[in-house]
Amino acid sequence: MSYTGSCYCGDIKYELILGSPEEARTSICYCENCRRWTGSAFGITTKIPKEAYNQTKGQTVKHVSDNDGSKLFREFCGSCGSGILEYGEQVAEKFRYITYGTLDQQEAFPPKGEFFCKYKEDWMPEVQNVFHKQQIKE
């Protein structure tokens, strides 16, 4: 199955090739890192196998930062600034986390869980029928 996505201005386009949408996992994250990157109360990404991602137009700009002692890579459009994907050095050879808002077929990838709920704002409603973790490993 083929799914597509792009940045806001269209300079970056990509395709995801998955056997099924079940190969992907969309999660909402309330950690400070995700909140700062998105400029919002949470980040939302869709985890896919690295080999499922194929960039079909343009070239992203890569930003590398320290994430509590490990590298975190984020790629974005150099023209409009849209975040396209991210991945940590521990999973760099296996996975990519696609920025949910860039997907053209978002309805195919509903959230399956929430991470770092201990940082969730009190006014945020609980997402129903998904897992809720206070941190990554619990």
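Is T26 buried or exposed in this predicted model? T26 is buried, at a relative accessible area of 0%; buried means under 20% relative accessible area, exposed over 50%, and partly exposed in between (1.4 Å probe, protein chains only).

The model is predicted, and local features need pLDDT of at least 70, side-chain atom pairs count only at pLDDT 80 or more, and totals for chains, interfaces and linings use all residues. Residues are numbered from 1 along each chain as its sequence is written, and side-chain values use heavy atoms, with hydrogens and water left out.

View 1. Strand β3 spans residues 25-29 and includes T26; strands (E, at least two residues) are DSSP runs, numbered from the N terminus. A polar atom of the T26 side chain lies 2.9 Å from the backbone oxygen of F109. Beyond the neighbours within four places in sequence, residues in contact (heavy atoms within 4.5 Å) with T26 include I44, T45, T46, Y100 and F109.

View 2. The whole structure holds zero disulfides, a disulfide being a pair of cysteine sulfur atoms within 2.5 Å. C77 is in no disulfide, and the nearest cysteine sulfur, that of C80, is 3.7 Å away. C77 is buried, at 2% relative accessibility. For C117, the closest cysteine sulfur belongs to C29 and lies 8.9 Å away, too far for a bond. C117 is also buried, at 12% relative accessibility.

How values were computed: Helix = DSSP H or I, 4+ residues; strand = E, 2+ residues; numbered from the N terminus. Polar contact = N/O pair within 3.5 Å; in protein donor to acceptor, adjacent residues only side chain to side chain.
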